[in-house]
Structures are given as structure tokens and as C-alpha cells.
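Trainee: I'm new to this one. Could you take me through a single part of it, the place where the chains touch, and tell me how far to trust what I see?

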Amino acid sequence: MEDEKRSDSLQSSFYASHGKFRGIFSWIFSTDHKRIGLLYLCSILSFFIVGVTLGLLMRLELFAPGQTIMNAGTYNSLFSLHGIVMIFLFIIPAINASFGNFFLPLQIGARDVAFPRINLLSWYFYMTAGILAIATLFAPGGPPDAGWTFYTPYSIITTTSISLAAFAAFIVGFSSILTGLNFITTIHRLRAPGMKWFRMPLFVWSIYATSWVQILATPVLAITLLMLIFERMFGVGFFDPSKGGDPLMFQHLFWIYSHPAVYVMILPAMGVISEIIPVFSRRTIFGYKAIAFSSMSIAGFGYVVWGHHMFTSGMSETARWLFSLLTFLVAIPSGIKVFNWVATLYRGSITLGTPLLYSLSFIFLFSIGGLSGLMNAAVATNVHIHDTYFIVAHFHYVMFGGAGFAFFAALHYWFPKMTGRLYDETTAKIGWLTVFVGFNVLYFPMFILGWRGMPRRYFDYPLEFTNANMISTIGSWILATGIMIMLVNLVFSSMRGRNAGNNPWGGTTLEWQVSSPPPLHNFREIPEISRGPYDFS
Amino acid sequence: MMNSTERDAPIIRYRVYVYVWSCLIILTGLTLAAAYLEFSGLSILINIVIASLKASLVVWLFMHLKYESRLFKVMLLLAIATLTIVILITFLDVLFR
Amino acid sequence: MESERTGHLNQEGQRDYTGSKMGMWLFLYTEFLLFGGLFLLYAVYRTRYVEQFHTAAASFDTGLGAINTVVLITSSLTMAFAVSAVRKGDRRRSVSALFLTILFGMGFLVIKFFEWKAKITLGLFPGAVEMFQLPQGEVIFYSLYYVMTGIHGLHVMIGVLVLVGMMFLLVRKKITEKDFIKIENAGLYWHLVDIVWIYLFPFFYLLT
């Protein structure tokens, strides 16, 4: 009976309408935002697994002092590739390109994004970049060893395949820009009638803020990497002190993009959390407008704080105190969000589902990451902990504990809508617990290691750091096991899970009003909107 | 097939374009004259002002920004403001190093 | 990258011109900030090497730069004509205006080519032996010149290709007075390329 109902909903879903092509071509030539969203999701998860593998190998090398499984050069390549893959190919597009593509049109009551063909093109750019990045492994000269930041002058003189890696990041930038301009136009032009700005779900607000950052910041990275490539090919000398250039200008230009990029990663994550918390506590979100505006102001402030990556670089004192001040200001909108989430939970009827568990861990881990960020933002402290494992711990807490956990939360929250099936709740909870424990065992010791002075990006360390490093490596195994449990559960459930029905969580946003999985054109008739997104009355 | 209200943006007459073009040519002549006369330190400022005037003319009339909705104008200001702020902040490092 | 010109459909299945134009403008902002990064570098090195930038800029032929400015401004004029002509239903005039625009665009590139060639025969290009005898500020100036005018020239080339495509579409009646968004967006792109040059010209030829 249930199976019949499910096959009915599958018959009418977008999975059934494959357009002109069959098999894999019905996916890679599709302009349907849902198919493109899933394409992104699968490719992003694949690159995530690549990145995790590289990370595991690095941790394994650090298990014991001295050279264990690789030499220094290999280790340099590993941390560079780990950074490039995880940042450019996983965390920047993670939520934005996959769930943004799938759910943005659904949430605002549109049939598709504004430019469906450009949407597909952006995925091709993304895949090209991914393949190029992986190809550096086999390129002559070997994989890049200058870190994901490509700092000059070392990145100019090293013989490894920096140009290819930089070109990959250049291409992925195009993909990011195209996604951004697509989403902004979609939000401006394709909202359902009655969907006023303050009736949009908060996920849409966060995507809107993110898209502006993508539009205004990514081109600067593109030109910077292009100049780096010119530098290596023709010796133009912009960043080469021996030719009158200034390596600090590279750092400026690089972080003018790469700091805002941090908000490209975290803003959609915050949007996901703002979706999940009201649904699982059955209350209207507390401070809707405050959250919406804080997304915009995080995007705004986030654009002007790039210099806090350069406190020890020899930058002017004036710039240092200004950047420090501005960095502290970012904490205000971030704090507003955290307080509003907690206030939403207060006196709600909470269902402790897996998406909520991931969201609560997000709040916890993001707060640790954010507060340690304030420690980094103070210039005096920063000088002490700059380029130590404290920084590594900090950004893994915000990026992985923040954006990564929100990605997992979104994966579970929207899984029934995407597949039409429910995942196995018990296994999902075991997976969450393992991931959460593993994460903290892996990264928390790094705070201590960094505070005690262990520098990052070395394949070896003095004997007194042995214990913490061992604990950390053991944590990496726990974390990897947890991720495996989670993914296997989801893959298995997508084939065998129970029928989910249209609205398993009792969500109020538009995507829950259509069948699961959604039909090809999302809505039989475009809905007329007359109330806010989180009306549980 | 098309949304009529959006298509009805006025068609600009050729004559207006010719006026704009003449202004642009005159301004080009002015920059050349300014360069020839040498205002030393001021010349950078003069050149940037004249170039910006020319750019505004192109944006406003050739690119029809005048006839677009306010949203388009706000968006353009946002992009310009972003670049200006970035340049200003970078100079706080460069000038005081 | 150029395919955002295809006007997209709105909720009712109509062409949404405002949406298409918005997409194009957003794309232009990314171009604006792309060049913005270069202008930032130019500004920084200009303040650092005031004298040497003056000396190096003096070696450029202001006349050729001015001619190129006029060429590009005039091409913007014919481009604007082309858009208005289509909307008035005069496709023949539009085609000839586009043709002129393409000619001007190519003329710009030819002049640019000879300018580059003149500098390169003097050994003034990144990596040349002669460059090492110059003061560092001048080396940076020449490098900026090649990179900025080079990337701008690349945009002119792309623009010319797009306009050729537009001409093809006009002749095939794919662009009409009822369906002109492609040529309008192509025009927007072409004008942006013009604007970039409006700034490049004084920065490299006039500030001596």
C-alpha cells in the first residue's frame, strides 16, 4: 500500500521526467534546478570524501613525532590540496550550490531559477575546476605545496604545479559568480505573488546575502590568481620584491576575496539552522527581521575585515587596529543570530530529531569557534597564536563545526523531500553522536597545542606535543567513522527507507507543500502567499 | 509573449546619442588639454574626475540606466561603494606602513 | 559566460526583460570588480613610485592613445544606434550600425597591436633583458600596462565575437523589435568595455 503510494509520487516527480535524454545524460544535460542541485550535491560529497582522505593521511603522519608515513614535501602537498579541495570544492559551494539550487525556487514559489542554462553551465565550471585540481596530483612538478593561500613569493618560485591549481580556483570562481547572479535575479524577479521580502524564509535571505558576497568578492580572487599565473609565466613582477613588487599586495588582494568567502561558507549554514530550529521546536522564529538583517550586515562587515589575516605580515599599525576593530564588530550580528536561535527554542515543543541535533551542535561548535575567533581578532593575542594550531582549531570549529555540521543538518532535514523516503532515525543519531564526539576529540586538542606554540603546516613536532597529537589523530578516525555511518545510512535509506509523505517534519515553508519528491515544475499552480514563513499557529 | 510594461522603456532618439558622443569627445579633448598644461599634483584628480564624468555619461544614457528602476541604480552604487571602500582601506596600510 | 543573454521566462512563461538585464548588470559588476583589483594595484604602485611612473608614462604615444579613445567612444555610439534601430524595427540600419561597431572594435585592436609591437621591439616587456636595467617602478609600470591593456583587449575581442554573433542573429531574424534583449545586453557589455578604456587612457598615457 505504502509502496504503491510512493511509486505514484515517484511517477509524478521530477525523477520521472527526464526530458530529451536518458540515463546519465538526463542529469548532466538537465536544466532543472532540482537535478542540478543533486548533481552539485553528489559532486560536492565526492570532493568532500577526497578532502577527508587527505586530512586523514595528514593526521596519520602526525600520529607520532618524526617522519612516519611521508616526507616533508609530500606533507606540504597534502595540506595544500586538502585546503584547496575542502575550501574551493567543498565548503564554498556546499550548501549554497546544492541545497540553494534545490530549495531556493521551491521556497519562494518559483518553477526554476532565473537562468536555468547558466545554472547548468556553472556546474560544468565547477566540475572542470574539480578535475583540474585533482589533476595537479599527476601534473609534472607534483601537486602544489604553497598552501591553499598561494602566498607569494614562495608560490612564484616553487616548481610544483601552482599555476594549474590557481587556474582551477579561478574557474571555480566563475561557477560561484554565475550561481550568485542567478540567485539574486531569481529572488528579485521570481517570488510568488504575495511573497514579500519579509515573508521569505530565512534560508532565502541568507542565500541572498551570500550571493552578493559572491558577486562582489569573487572577481577579485579571479584577477589575483590570474596575476599569480602571469607572474609565474611571464615574470610581471607585481608581487615579486626583486622586481619592485610587493608580496603584501598579494595577501591584500587574496584576502579581499578569501575573507568574504568565509561568509559565503557560513551564511547559508546559518540560513539552514534558522529553518530547522523553528520546525523542530514548533515555534515561530524569534526575531525574524533581526536574523534577516544580521545576514546582510554579516555580509557587509565581512567584506571589510580581510586584514585580520595579516596582523603579523608587516602591515601598518593604522590598518591593524582598524581591522581588529572591524573584526570585533562582526561578532555582533553573529551573536544576534545565536541569541535568536536559543530564544526560539525556549518554551518550544522540541522534537529531538537528527537535524535538530546537528543544529544544536552547530550552535555549540560555532560559538566555540566564534569566541576563539575573537581571541585571534585582538592584535596582541594574534601575534602569539598566529600560524599555530590554535588557528587550525579555530577555523575548523567555524568551518567544519559550523558550515560542515549545518551541511549535515540540511542533508538530514531535506533528505525526505529530495528522495521521498525517510532515513533510519536510530542510525542517524548514532552517526551524529560519533561525528560530534570525533570532531571534538580531533580538533579540541589543537587549541591546546596551538596555545603551547605548535606551528601549523609542519610534518613533525617536538616530543612534548606527542600526547595531544595522538588524541587528535584518534579523533580523526572516530570522525571518519561517524561520517561513514551517516553517509551509508543516507544512501541505504534513499533506496530502502519508508515513504516520507509530503511533510514529515511539519514544516511551514513552501517546499513542504509540494509532494516528495517535488514534481517537475514544482507547483501545479503558483501559490498565493498571505503570511510569514514560520506560522505554526 | 512578452511582458508589455517592461518592454515599453522609451526608445532613445539617435540625436540624444549624438549629443552624448559629442560631450564624450569634448571631455576627451579636455583631458588632453589638462595633460598638456600640467597641473602637477592636481592632474591626477582632474583626470579621474573627467574620466568619471565620461563613464557616468556612458552608463546613464548609452546603457540606459536613466530609464531603469531605482533598484538598478542602487545596485550600481553598491558595487562602486564596495570598490571604493576596499581601495580606501588598503591605502590605510599602504600610506601608513 | 555570455549565455545569460538568453532572456529567461517569468512565472507566467513570459520573457522577463528586467530579469535578463539584471543578470547582465550583475555580471558587469563582477567585471567592474575584476578590473577594480587591477586599478587597486595601479593606485598602490603609483603612490609608491611617483617619479618612475611619470618617466615611463612619458614614453607612450599620447596621440595613438587619444585616437583609440575616440575610436572606442564612437563604437559605443554606433552600438547604441544599433539597439535603438532594432527597437524602431529598422533591422537593416541596425546591421550596418553593428558592422561599424565591429570595425571600430577591430580598429582599436589593430592600433593596440602596433603599440605593443613598438614597445616589444624596444625590449620593454616582462622578462626582457632590457627591463632589468630600468628602475623598479618603471618595470612595474610596463607590466601593469601589458596586463591591464591585455585583459582589456581580451574583453574587446570577446565583445567583437559577441557582436558578430548578434549580427548573425539579426540577419536570421532572431532579434526583432519585439525580441531585442540579446542585442541590448550585448550593448551593455560593449559599453562596459568602453568605460574601462576611458579610465585606462589617462592612467597610462596622460599622467606624465
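Mentor: Start with the contact between the chains: 12 residues of chain A meet 10 residues of chain B, where a contact means that two C-beta atoms, placed from the backbone, lie within 7 Å. On the chain A side, H10 and H12 each bring at least two residues, and H12(A) gives the most, with four. Sorted by type, that side of chain A has seven nonpolar residues, four polar and one charged. Here Ala, Val, Leu, Ile, Met, Phe, Trp, Tyr, Cys and Pro count as nonpolar, Asp, Glu, Lys and Arg as charged, and the others, Gly among them, as polar.

Keep in mind that this is a predicted model, in which local features need pLDDT of at least 70, side-chain atom pairs count only at pLDDT 80 or more, and totals for chains, interfaces and linings use all residues. Residues are numbered from 1 along each chain as its sequence is written, while chains are lettered from A and ligands numbered from 1 in the order in which they are written.

The pLDDT is the predictor's confidence in each residue, from 0 to 100. Chain B averages 88, and 91% of its residues score at least 70. Its confidence is highest in helix H4 (residues 70-96), at a mean of 95, and lowest in helix H1 (residues 4-7), at 49; helices are DSSP runs (H or I, at least four residues) numbered from the N terminus. Over residues 1-5 of chain B the pLDDT is below 50, and that stretch has 11 contacts in the model beyond near neighbours in sequence.
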